[in-house]
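This report walks a new reader through a few local features of one protein structure. Please keep the sequence and the model in view while reading.

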Amino acid sequence: MNNKGESQPYDYYKTCDVIQQRKFLMLCQRMGDFGKILDKTKFRSEGDDFYAFKPQPDRYLCFFKKGKKIIVTNAYMKKGDKLPKSEKLIAITCRTDYLRRFPEDKEEDEK
């Protein structure tokens with residue numbers, strides 16, 4: 001969510017059909033129940049401490065915070081084999097904005 005109260009990943013989620021929404025929620029539940037998802041076709045590292053939930057064909061980029069928080073930065077429909085640079089830049093910008101708005105989370109990470 002940005003400082004205007006808007007959330008691109010949530011807006012994207014709302015445009016998905018019920019089946020796609022359910023796939024994403026099931027991955028979130030699995031992460032919450034077990035603390036990890038071993039299946040790389042469903043969740044994997046994208047480098048620079050970013051990860052992606054992968055309910056086909058969608059991608060939800062995120063990063064982890066101490067205190068068991070997962071911050072979803074952006075979402076998009078996969079169209080190619082590689083993570084688009086533009087989507088990674090959006091994720092980086094969102095993380096920077098998040099840490100600026102919530103400096104206590106930044107301090108937690110540095111401990």
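## Salt bridges and pockets

Arg 101 and Asp 97 are both part of helix 3, where they sit 4 residues apart, about one turn of the helix. The model is a predicted one, and in it these two residues form a salt bridge whose closest N and O atoms are 3.0 Å apart. Asp 97 also meets the side chain of Arg 100 in a salt bridge, and since Arg 100 and Asp 97 are 3 residues apart in helix 3 (residues 85-101), about one helical turn separates them. An α-helix has 3.6 residues a turn, so residues three or four places apart point the same way. Taken together, Asp 97, Arg 100 and Arg 101 are linked in a network of salt bridges. Arg 100 counts as exposed, with a relative accessibility of 53%, whereas Arg 101, at 23%, counts as partly exposed.

A search of the whole structure finds 5 salt bridges, and the table gives some of them.

| Salt bridge | N to O distance |
|---|---|
| Arg 100 and Asp 97 | 2.5 Å |
| Arg 101 and Asp 97 | 3.0 Å |
| Arg 44 and Glu 46 | 3.3 Å |

In the pair formed by Glu 46 and Arg 44, Glu 46 is buried, with a relative accessible area of 16%, while Arg 44 is partly exposed, with a relative accessible area of 36%.

Which residues of helix 1 are buried? In helix 1 (residues 8-15), they are Pro 9, Tyr 12 and Tyr 13. Seen down the axis of helix 1, these buried residues fall within an arc of 100 degrees, and therefore they line one face of the helix. What covers them includes helix 2 (18-34), strand 3 (58-65) and strand 4 (69-77).

Asp 58, a residue of strand 3, counts as buried, at 2% relative accessibility. Leaving aside residues up to four places away in sequence, Asp 58 touches Tyr 12, Cys 16, Gln 20, Phe 53, Tyr 76 and Met 77. From Asp 58 to Asp 81 there are 23 residues in sequence and 12 Å in space, C-alpha to C-alpha.

Rolling a probe the size of a water molecule over the atoms shows where empty space is left. The largest pocket has a volume of about 470 Å³, and of the 22 residues that line this pocket, the closest to its centre are Met 1, Ser 7, Pro 9, Val 72 and Thr 73. Helix 1, strand 4 and helix 3 are the elements that give two or more residues to the lining of the largest pocket, and the largest share, 6 residues, comes from helix 3. Sorted by class, the lining of the largest pocket holds 13 nonpolar, 5 polar and 4 charged residues.

The second largest pocket holds about 180 Å³ of space. Of the 13 residues lining this second pocket, Arg 59, Lys 78, Gly 80, Asp 81 and Lys 82 are the closest to its centre, and the elements that give two or more residues to the lining are strand 1 (43-47) and strand 4. By class, the lining of the second largest pocket has 4 nonpolar, 1 polar and 8 charged residues.

Notes. Residues numbered from 1 in each chain as written. Predicted model: local features only at pLDDT ≥ 70, side-chain atom pairs only at ≥ 80, totals over all residues. Heavy atoms only, no water. Buried < 20%, exposed > 50% of the residue type's maximum accessible area, 1.4 Å probe, protein only. Arc of directions from axis to C-beta. Contact = heavy atoms within 4.5 Å. Salt bridge = Lys/Arg side-chain N within 4 Å of Asp/Glu carboxyl O. 1 Å grid on protein atoms, 1.4 Å probe; cavity = no way out; pocket = protein on both sides within 12 Å on 5 of 7 lines; lining within 4 Å. Points joined across faces, edges and corners; volume = space filled by probe spheres on them. Nonpolar A, V, L, I, M, F, W, Y, C, P; charged D, E, K, R; others polar.
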